[in-house]
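Please read the points below with the sequence and the model at hand.

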Amino acid sequence: MSPSRDLLVKLYEAAVAAAHPSVCLPPALPAPPEHGRVVVLAAGKAAGATVEAVEAHYLDKLRLPKDRLTGIAVTRHGHGRKGRVIEVVEAGHPVPDAAGLAGAEKTLALADAAGPDDLVLVLVSGGASANWIAPAEGISLAAKQAVTRQLLRCGATIGEINTVRKHLSRLKGGRLAARAHPARVVTLAISDVPGDDPSVIGSGPTVPDPTTLADARAIVARYGLDVPDEIKAALENPANETPKPGDPAFADLDYQIVSRPQDAFEQVEAAVRASGLDCLLLGDRLEGEARTVAAQHAAIAKEFVAQHRRAVILSGGELTVTLRGKGRGGPNQEYVLALAAALDGLSGVAALAADTDGIDGGGGKADDPAGAFVDETTLARARGLGLDPAAFLADNDSTGFFERLGDLLRPGPTCTNINDFRAILVDR
């Protein structure tokens with residue numbers, strides 16, 4: 001590994017480590033109730049690791065009897081951990097599956113059974129929206145899968161996607177809190193969304209929902225989605241409106257974000273400066289089309305080169321890809337491919353973009369790449385192999401391009417998620 005790649009990987013690993021549940025969760029775990037149970041309801045890519053942290057805290061540190069700790073965690077396939085008393089289920093992401101449906105039904109049953117003496121501990125992380133799949137009345141799993149695929153392909157933002165999801169669910173958009181009432185509900189979240197809005201993280205299962213059925217219908221219309229008739233009917237049904245501020249279900253609710261992208265990027269920025277380089281943090285909540293953002297960042301890198309600056313350009317957030325081709329890849333890999341084209345072999349520049357959950361788009365498999373590298377040799381090596389970056393970009397086949405070059409990053413599931421990590425190293 002070259003020195004530039006070594007540094008970029010270390011920065012990525014620092015961001016992931018800062019957001020791991022074993023680090024950020026224990027200080028925020030509440031005291032157990034005096035007489036009742038701790039009922040753990042977890043979902044998302046960090047759910048398996050949160051179970052390990054919770055069981056270590058309550059069973060080992062506090063010596064809570066095992067019969068007073070129960071629950072279920074639903075996580076992405078390949079991200080599971082074996083719980084001692086809390087069940088861990090692996091399910092589909094980003095497209096939900098039958099395992100997620102079964103896990104969500106068990107989650108709702110546990111919430112329904114919680115009594116006033118119990119503490120319902122809800123642990124939410126990126127991916128929870130897909131893992132907790134509980135379709136509203138009259139909606140089949142197949143219909144939810146169909147609308148999810150369309151939302152993912154159309155270029156909608158995560159906030160827009162989750163607005164639709166919340167109005168097609170019996171769990172999202174504050175409904176889980178309503179099901180757990182009158183138990184005390186404490187939610188601890190690892191944020192993966194730009195702006196850290198609790199109503200967007202995991203589709204806000206325990207907080208009031210400011211969006212409406214009309215908002216969801218407008219999103220479907222805006223992107224011209226051809227959704228199944230049962231989805232259209234559900235979005236017209238007033239019964240599927242979500243609980244709003246002032247609902248009694250939120251009277252005894254505590255909510256805390258235990259890790260957010262900003263926290264991780266602050267630690268990475270400190271590591272960059274400690275290495276003797278300047279650092280420009282463009283923000284932790286960038287959104288937009290991956291190839292458009294890449295062109296903007298390439299322009300900044302070119303300015304730094306012209307100014308003879310030695311620096312790292314950092315950014316986070318969640319980019320999108322409007323799919324037009326049939327290739328493989330995700331927004332981070334597409335960003336790097338577009339960045340390589342825009343830099344055109346510029347000397348002294350290297351970059352890494354990767355999803356902090358360890359998987360970037362693709363087929364949702366645990367061995368999918370997290371992202372990819374680019375440096376001044378990328379285009380020359382591609383030409384030597386007869387690869388045309390523009391053709392791969394047009395086919396949305398960033399994985400195919402970087403796979404041929406050996407430039408994919410494959411850390412495997414990290415069991416956390418604060419979304420995209422991008423770093424451009426400018427150092428001649």
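This is a predicted model: local features need pLDDT of at least 70, side-chain atom pairs count only at pLDDT 80 or more; totals for chains, interfaces and linings use all residues.

1. Rolling a probe the size of a water molecule over the atoms shows where empty space is left. The model holds 4 cavities of 30 Å³ or more, and the largest cavity has a volume of about 50 Å³. Its lining consists of Ala340, Leu343, Gly345, Leu346, Val349, Val374, Asp375, Glu376, Thr378 and Leu379. Two elements, helix H13 (331-343) and helix H14 (378-384), each give two or more residues to this lining. By class, the lining of the largest cavity comprises 6 nonpolar, 2 polar and 2 charged residues.

2. Second largest pocket. Helix H1 (3-18) and strand E10 (349-355) are the elements that supply two or more residues, and H1 gives the most, with 3 residues. The lining divides into 6 nonpolar, 3 polar and 3 charged residues.

3. Contact of H9 with H10. Two packed helices are described by the angle between their axes and the distance between the axes. For helix H9 (residues 213-222) and helix H10 (residues 229-236), the axes come within 9 Å and cross at roughly 145°. Leu213, Ala216, Arg217 and Val220 make the contact from H9, and Ala234, Leu235 and Glu236 make it from H10. These residues divide into 5 nonpolar, no polar and 2 charged.

4. Threonine 211. This residue lies in the loop between strand E5 (184-190) and H9. Is threonine 211 buried or exposed? Threonine 211 counts as buried because its relative accessibility is 14%, and the cut-off for buried is under 20%. With neighbours within four places in sequence left aside, threonine 211 is in contact with Thr163, Lys166, His167, Glu241, Thr242 and Lys244.

5. Aspartate 407. The loop between helix H16 (398-405) and strand E12 (408-409) holds aspartate 407, which is buried at a relative accessible area of 2%. Which residues does aspartate 407 contact, leaving aside its neighbours within four places in sequence? They are Arg5, Gly371, Ala372, Phe373, Thr378, Arg381 and Phe402. With arginine 381 there is a polar contact between the two side chains, at 2.8 Å.

6. Asparagine 131. Asparagine 131 belongs to helix H5 (residues 128-131) and is buried, with a relative accessible area of 0%. Not counting residues up to four places away in sequence, asparagine 131 touches Gly44, Lys45, Val74, Thr75, Arg76, Ala91, Gly92, His93 and Gly100. One of these, His93, takes part in a cis peptide bond, as the next point sets out.

7. Cis peptide bonds. Histidine 93 and proline 94 are joined by a cis peptide bond with omega of about 5°. Proline 94 is located in the loop between strand E3 (87-91) and helix H4 (98-113). The peptide bond from histidine 181 to proline 182 is cis as well, with omega near 15°. Proline 182 sits in the loop between helix H8 (175-180) and E5.

8. Positive phi values. Cysteine 415 is a residue other than glycine with a positive phi, near 65°. Asparagine 419 likewise has a positive phi, near 80°. Cysteine 415 is in the loop between E12 and strand E13 (420-426), and asparagine 419 is in the loop between E12 and E13. Cysteine 415 is buried, with a relative accessible area of 0%, and asparagine 419 is buried, with a relative accessible area of 3%.

Methods. Residues are numbered from 1 along each chain as its sequence is written. Side-chain values use heavy atoms; hydrogens and water are left out. On a 1 Å grid over the protein atoms alone, a cavity is a set of points where a 1.4 Å probe fits but cannot get out, and a pocket is an open set with protein on both sides within 12 Å along at least five of seven lines; lining residues have an atom within 4 Å of a point. Grid points are joined across faces, edges and corners, and a volume is the space filled by probe spheres set on the points. Helices (H or I, at least four residues) and strands (E, at least two) are DSSP runs, numbered from the N terminus. Ala, Val, Leu, Ile, Met, Phe, Trp, Tyr, Cys and Pro count as nonpolar, Asp, Glu, Lys and Arg as charged, and the others, Gly among them, as polar. Axes are lines fitted to C-alpha atoms, for helices over the stretch in contact, and angles run from 0 to 180 degrees between N-to-C directions. Contact means heavy atoms within 4.5 Å. Buried means under 20% relative accessible area, exposed over 50%, partly exposed in between (1.4 Å probe, protein chains only). A polar contact is a pair of N or O atoms within 3.5 Å; within protein, one must be able to donate a hydrogen and the other to accept it, and residues adjacent in sequence count only if both atoms are side-chain atoms.
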